[in-house]
Structure formats: structure tokens, C-alpha cells
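Please read the following explanation with the sequence and the 3D structure side by side. It goes from one element to the next in running paragraphs.

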Amino acid sequence: MRIEDEALFDLFRGPGACDVCGAVVRRREPHHIIHRGRARLDLRWNILGVCAFPEGNNCHYRIHAATMTIEGQRLTREDLFVLVSLREGVAIDDIEPVLWCLARLPRGCRPWEFDRETAGLTPVQREWVVRFMERPGRAR
Ligand SMILES: [Zn+2]
Ligand SMILES: [Zn+2]
């Protein structure tokens, strides 16, 4: 599924503090934590604003090159989810399954597809999926 939101994307561009290293830089770029195949999820839960090349600690380039480290440890996707969960004040246990579910769901999914893909979610998580899908003109 694709959920596109250019206005949201813009919030994670330009000057500000990098969501990964904390450096205050003139240019940040939005990074999608889940970016897989044709799925694009422009949701706050899936986007970090990170140092754009060659600003600050060059975080965006290093995340994609898998050379980003924090205190000597290689940064994983789990770490990015932890950062977004702290920023948004939402439990990582809710963020991850909801985003993966949205990424898997086909656009214009049938009720039985929705039931199948959300079978493992809690009622609250299923509600989040519906809310994100129903934002008018964005999910497709
Ligand atoms: Zn940075
Ligand atoms: Zn990126």
C-alpha cells in the first residue's frame, strides 16, 4: 500500500535537529524506516528527519550504506523504531506491527484480505490501520 503525504514529508526537511544523532543542521532529509518494494508509508511513525549529505554526521547516507553506528554498535532498523517511538510517545510494540501490516496490505484491499492481514493485531492496532488507510485522498 502507498500512503503519500508531501506536506508531512516537508516537516522532516530543512533546518532542525537530526532524529538520529541530535545534531542541529541546516538541511535534513526524511528517511522511511520501512521502505520496501512499492510500499511507501508517509506516516509520522515511519519517518525520521536525518542529516542530509554532507551535514552534521551524514546520517542519511550512512543509514542507507549500513555504516551508521551509535556508541560503536551498528544501527539497526529496531534502533530506528526505538527513536521514532520515543519521539512520538507510542509503544514500539504498536508501531511495528501496524506499519508492517500497512506495507503488506494491497491497495483497495477486499474485506477478506483486510481480515487476513490484520488477524494477528490487537483491536487497538487494527483501529490504527483503519485510521491510516482512511485518510482521504492519501492511501491508494
Ligand atoms: Zn544526524
Ligand atoms: Zn532514507
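What follows treats the sheet, then the helix packing, and finally some backbone features in loops.

This is a predicted model, in which local features need pLDDT of at least 70 and side-chain atom pairs count only at pLDDT 80 or more, while totals for chains, interfaces and linings use all residues. Residues are numbered from 1 along each chain as its sequence is written, and chains are lettered from A and ligands numbered from 1 in the order in which they are written.

Helices and strands are taken here as DSSP runs numbered from the N terminus, a helix being H or I over at least four residues and a strand being E over at least two. Three such strands make an open sheet in the order β2-β3-β5, with antiparallel pairing. The edges are held by β2 (14–17) and β5 (47–51), each of which has a single partner strand, so one side of each is left without a neighbour in the sheet. From one strand to the next the twist averages 65°, an angle that, like the others below, runs from 0 to 180 degrees between N-to-C directions, with axes fitted as lines to C-alpha atoms and, for helices, over the stretch in contact.

Two strands are said to pair if DSSP finds at least two bridges between them. By that criterion β2 pairs with strand β3 (residues 24–32) in the antiparallel sense over three bridges, and Gly16 has Val25 in β3 as its bridge partner.

Ile47, which belongs to β5, is buried because 21 other C-beta atoms lie within 10 Å. Although Ile47 and His31 are 16 residues apart along the chain, their C-alpha atoms are separated by 5.4 Å. Contact means that the C-beta atoms of two residues, placed from the backbone, lie within 7 Å; neighbours within four places in sequence aside, Ile47 is in contact with Phe12, Pro30, His31, His32 and Asp42.

We turn now to the helices. Two packed helices are described by the angle between their axes and the distance between the axes. Helix α3 (residues 77–88) packs against α4 at an angle of about 115°, with the axes 9 Å apart, and the crossing is right-handed, a term used when the near helix is turned clockwise from the far one by less than a right angle, anticlockwise being left-handed. Here Phe81, Val82, Val84 and Ser85 in α3 meet Ile92, Ile95 and Glu96 in α4.

Helix α4 (residues 92–104) also meets α6, their axes coming within 10 Å and crossing at roughly 50°. That makes α4 oblique to α6, since angles under 35 degrees count as roughly parallel, over 145 as roughly antiparallel, 65 to 115 as roughly perpendicular and the rest as oblique. The crossing of α4 and α6 is right-handed. In this contact Asp94, Pro97, Val98, Cys101 and Leu102 in α4 meet Gln125, Trp128, Val129 and Phe132 in α6.

Phe132 lies in helix α6 (residues 123–133) and counts as buried because it has 20 C-beta neighbours inside 10 Å. Phe132 and Val98, 34 residues apart in sequence, are 9.5 Å apart from C-alpha to C-alpha. Apart from neighbours within four places in sequence, Phe132 is in contact with Ile3, Leu43 and Leu102.

The loops hold some backbone features to inspect. A cis peptide bond, with omega about -5°, joins Phe53 and Pro54, and Pro54 sits in the loop between β5 and α2 (59–64). Ala66, in the loop between α2 and β6 (69–70), has a positive phi of about 60° although it is not a glycine, and this residue is exposed, with 10 other C-beta atoms within 10 Å. Glu71, in the loop between β6 and β7 (73–74), is likewise a residue other than glycine with a positive phi, near 50°, and Glu71 counts as exposed because it has 4 C-beta neighbours inside 10 Å.

Key: Buried ≥ 20, exposed ≤ 12 C-beta atoms within 10 Å, placed from the backbone.
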